[in-house]
Every structure is written in structure tokens, then in C-alpha cells.
Amino acid sequence: MKLFARLFPALAFVAASPAPAPSAPPRGFFTESVAAQQKVEREFRALPDPAVARDTMRRLAAAPHHLGSPEGGKNAEWILARFREWGLDAHIETFEVLFPTPKERVVELVEPVKFRAALAETTLKEDPTSGQTAQQLPTFNAYSTDGEATAPLVYVNYGMPDDYEQLERLGVDVKGKIVIARYGGGWRGIKPKVAGEKGALGCLIYSDPRDDGYFEGEVYPAGPFRPEQGVQRGSVADMPTYSGDPLTPGIGATHDAKRLDRKDAQTITKIPVLPISYADAKPLLAALEGPVAPEAWRGALPITYRVGPGPAKVHLKLVFDWKLVPARDVVAKIEGSVWPDEWVIRGNHHDAWVNGAEDPISGLVALLEEARAMGALVERGWRPRRTIVFCAWDGEEEGLLGSTEWVETHAAELTAKAVAYLNTDGNGRGFLNANGSQALEPVVAGSSAEVEDPEKKISVLARARLKKISDAEKPEDRQEARERAGLRLEALGSGSDFTPFLQHLGIASLNLGFGGEDNGGIYHSIYDDFTWYSRFADTDFTYARALAQAGGTMTLRLANADILPFDFTFAAEAIAKYVKEVSELADTKRKDAEEKNRRIEENLPWAVADPRKPFVAPKADAPVPHFDLAPLLNASDALTAAAAAYSRAFDAAFQPDAARPSAEKLAALNAALRGFERSLTSEAGLPGRPWYKHFIYAPGAYTGYAVKTLPAVREALDQKRWGEVNAEAAQTGAVIQKAAEQVRTATKLLTGP
Ligand SMILES: [Zn+2]
């Protein structure tokens, strides 16, 4: 035996043992609570089972189960029965929501040649559920308005605002035309919104093979990518205005709710819009003439991409059945033994566009494995200290209906009780993606350090960190990733059920899932099913287990910690970064306008243009003023200082000789900590969209999924509303000052008498 081992026999045993290194104590647990927490976590992580996850997916994705469908209802009942079988206190809460489905869909090329689009996906003999045609929803976009138009076609690339600036330079106007946009570049709902604002009469959206078809890889069924008849369904509601049922903004869509008239619902599109396959898009695009599309606009179809307008002329007709259907949320609770009125909420949706193996069942099976495992622990006599709530939402695909209506209905109770919301919309193979409220970074890092990556047998934290270092484009990003113990959490925009929790109520939220090694092109098509998933995604369901282990460990830490494990230094760091970005954005806007106007003075655009091509002289921009962003900088500094002071107090509270706070004091402290995210909201909401109350994160009004941080200020800059920038900076600064005050309150509770 070596000297070291004689002096430290226990350590020598650890070093020689193949068992993993002892875990770091979880954040927020007093010494006397650590062992029990580590024990329950270990027991918990042994329980999720890939074979059960596989069976659950096979069951829940066996048939099309969209909102309002018989199979969707049966799935909700099945989930309810499992929760009850596992000993959870579960029920179904039903709302009545607007869900239009198509009665008539026509897309035809009427000039210069005739062609009628099939608007149907092909049944494949290799994929048994692709043949469930009687139960499948047709291919359509939810909350398109009814409408009919016959007009020349224009290709608008992704149909984002920048694309229209390009079109203007090409001398092409979409007024009175039908536009065809490809999927990608931003959220699909932005495409008809912008097209409508520009005067288009209709909008088609197709999946270009360059983006998720044969350009990317072998198509289904030979490979995972989108086949020529594959269509991406999806909602086109104007979700950046509000999510949920279009008829009941801000209130729960209960049976007796006061509903808007459909014509007054802001989130229904102004022009008809329909998604099509690349097989249906190709003849339309091939019939376009006019300017050749800019290089970045060209897809992978074997044609010369042209912009139009015409001579291709398209007839588009859409008629919907505007009915109310039940949305069934399944909600299950494990009541907390010490703080039953503090809730940790774990959710994901159960509805799909069709069979939805990947979206959403792969994320839901992880949640269900967590619930099954925690049920087993309860049976052994364990109870969480806070209440854990498991939710399976309906109607996510149409616009986060089930989660939004539930959040709106229970807003007061959630505001008082919710600690955090954890969402897992979709899971695959590869690297842990975790994003959301930055104060939760240590919870994410500590928990994911305890979970083994099924492929590389290192922790999922270690693998995700190394991936971030590998992907860093700039040396400073690489250095930052190396120096960071955990994973930087990126801000959440929208696209899943965290939105009403985070951005409407101000509840700290996370979205989790594995990915990066499971690319494909079946999103929202009939091919997102068990056959595809078990061939191309998490084929042995070991990542379903890893996601359950990671999500469940985070849930357990939040549910059991003596002091809620928020670390505001990470929130302060993120906000400081956003403030810096916004001031750089203001400078960039100013320099861009100066450069553009200088070029116009130099006659540069005219001189370099090809005289045989159409030329539109650009208009000079108004000069961009200087802004007063001091309120943002001051507030950000105040938050940074408050967070540092809280951190010192927090560390002191966990010193071995530190006195324990009284139960009363602990309750007040945890209430103050829960209130931090809430303090980043303002009741008045964001300019032009008061449903969104969070002043740090919002989905972009013209990006949809992608986040706009400090949205009130950033969007005033993006939309050139120069006169409003100072007022928005002052208001956002006031919100951040409020958050700093919240942290100071927590610090006083931790250090005071
Ligand atoms: Zn989903």
C-alpha cells in the first residue's frame, strides 16, 4: 500500500473503485439534507427504463392523435390512467377551443400550363401507420383565414421582412399576387403575416429539398429526410401577439368564457395560407419567369429559381370548418410534505399533428418515465418537500392552446405557488440542449453532471460542454465555454408550452432535450411515427432514459432544496450581455443608415447596376439619432451588484457554523426567490402586445420562434421606431431595477435578524 493510501484509506478506495466520483452536493441543501437528497436522486435515476419508454411511444403514437380527435381523447385517458396507476392525484381539465379544419383546399396552376396540386402525402408500404389515411388531418396551416384568389405567383424565398427588401431592389411588388415561400428562415406564421402586410392575396409555403429533403440526405423510407410528397403542417396563428385560443386572449377558454367574435380575433391570418410538398411546388416554381432569384434564395430543385411575378398564375381556395373542440389537459400531482403550496411543474404536450412520435411523444415519454419513477418512490414512503405537478397538454400544435388556457385559468394560483416550469418538447440522440431562465444554470449543470451519456459514457454535462467548445466560432466564445463550469442557457423565444409560463406569468422556465445526431425531414408530416423514430432517432430509447434522468433530477432538486437553488449572477450576466448587444445594435443601425445615404449621394447603386436589368433607386434613410440607454446600463449594474451580494450571503448561509433560518424565514425567503422571474415582468406588457409581460425574453414580432431579448427596446430599434427607444429603455430599466430590488429583499431575508 502506498503512503497516500495509508494516510487516506477512504480516498484510496474511491480512487481505485470503478464507481463514479462522489457527487458534488446539490446547491441549496443544508448539510443535514444532502445525504437524503443524494439517496433519493440515485434511486430515482435507476428507475427510468428504455424498454418502457419504447412501449409507451408505440402506444401513444399508434394512431393520429391531434386536438379534438377520438385517439387524442383516448391518449389523454390513457395518460390519466397511468398517472393514477402510479399513485398520483390526477385529473383531466377540459377547455373549449377554436380549431378550424379544412373543408375545401385547392391549389392549381391555371397559366401558362395547367396543373393541380395533389395536397396529399403518400402512403408507404414500409411504414404501416402512414396508411391511416381516414384518421389523418389533411395538410394545412391552422388559423389560416378562409379565402380564394387567382393571381400571378411571386417567389419570396423564406418570406421574412429582409426578403421583401431584396424584392423591392429587384423591382418586384407582391401587391395583388399570390406568394410562394419556402419553409425556414423564421417561424411559419410570419410568412403570411408579412405577405398580407405587403398586399399579397394568398400565401403558399413549401418544403424545399435543400432545407430538409434530398439535398441534406437520403429521403424516407431509405433515409430520414423529407420525401417529395412530405408536407409540414403547422399553426400560422400570430403567436407573437398572444398564444392560446384565438377567441379568448388572457382568459381561460372554459365553457362559459366570453369569446371574441371570430372576425375580431387578432391571431387569425388576414390572407389564406396553405403548406405544400416540393412535388407540388416544383411545377409552380418552374413556370415562373422574371429575375433569376438571388443566389442565397435558390433551393435544390432541378430548376432555375426565378422570382416572377408570373407568368405562372395560381388559383388558391381554402374553406374551413370553424368549430370549437375540447382540449384535454392531463394534470397530476404529488403533494409536497413540507411546502405543499410551492409547485415545481413538469410538462409537455400529448397532441400531435399526425402520429407525432418525435413531436411530441419522444419528449412526453421522458416525462412519463419521471412520473412513473417518482410514483415508485412515493410507494416506498418518499415524498417531495414541495409539490410536483406533471402536465400533459393538448392542442400545443395549434398554438400552445392547452397550456395557455390552463395558465390563464389558474394565473393567480400559479403566480403565488410556481417555482419553475420544465418542458421537453421532442427528444433525439446526441447532446443535451438546455435553455431558459439563466438563474437556473447551476441546477441544470449539477443535475446533468449526474447523468451518463448513453453513447460516450461520460456525463451529459461533460459532453454538452465539449460540444459547445467545439462549436464556438469565435476564440472568445471558445474561451468562455471552457471557463464555464456549466452550460450557458440561451434565452427562450417561443415554439412550445413554456411560453405562457415564462412570458405571460413570469415563471422561471427551462426547455430540455437531446439532439444533434438525429437529423431528418419528417417534422409535422405523416412520417413522424414509430417506424421512422425507431429507425432514425433514439433507436434504443437510451436517450429517453437520459432525458428522464436529467429532467427528473432537476425537478427533484427544485422540489427538495432548503433554499431554492437560483443563482442570480447568471441572470445578471445574461442581462448585461443583452444590454451590450442592444447598444451595439443602435450603433450598427446608425452606421448602416450613414453608409446607405452616403452611397446614394455617390450615385453608387445606379453606377454598379446592370442597365439591362430592372433598377429601383433606393430611398435615403432618416438619420438615426443617439439614444439614452443609461437606464438600462444603470439597472444592469444594480442587478449585477445585488446578485453578487446575494451570492455571498448564500455561500455564508451554507458554512458549517452558520445558523439555520427559522421555518418562517425560510418560507419568506423562498417566496422572494420565486418572485425574481416575476419581477422581470410588467403588468402593462410589451408595446402592441400586452399579453407578453416579460421584459427580458419574448418571441420576435417578426421572427416568431427566435427570441428577442429586451424586446421592448430591441424591437423599437428593429422597426425603426426611433422616437420610442428612450421611453422603452427607461421602462425596461425600471423593470430590471425592480428585479435588483427583489434580489436585495432576498439577501436581507437571508442575512437579517
Ligand atoms: Zn411539439
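**Close-up views of a predicted model**

View 1. Along the chain, the donors of the zinc ion follow the spacing H-x9-D-x65-D, where donors are N, O and S atoms within 2.8 Å of the metal (3.2 Å for Na, K and Ca), and water is not among the atoms, so sites may look incomplete. This is a predicted model, in which local features need pLDDT of at least 70 and side-chain atom pairs count only at pLDDT 80 or more, while totals for chains, interfaces and linings use all residues. Residues are numbered from 1 along each chain as its sequence is written, and side-chain values use heavy atoms, with hydrogens and water left out. The protein donors are His349 (NE2), Asp359 (OD), Asp425 (OD) and Asp425 (OD), which lie 2.0 to 2.3 Å from the zinc ion.

View 2. Asp359 lies in helix H10 (residues 357–379), whereas Asp425 lies in the loop between strand S12 (418–423) and strand S13 (430–436), so the pair ties together parts that are 66 residues apart in sequence; helices (H or I, at least four residues) and strands (E, at least two) are DSSP runs, numbered from the N terminus. Both Asp359 and Asp425 are buried, a word that stands for under 20% relative accessible area, with exposed over 50% and partly exposed in between (1.4 Å probe, protein chains only).

**View 3. Two buried cysteines.** Cys203 counts as buried because its relative accessibility is 0%, and Cys391, with a relative accessible area of 0%, is buried too. A search of the whole structure finds 0 disulfides, a disulfide being a pair of cysteine sulfur atoms within 2.5 Å.
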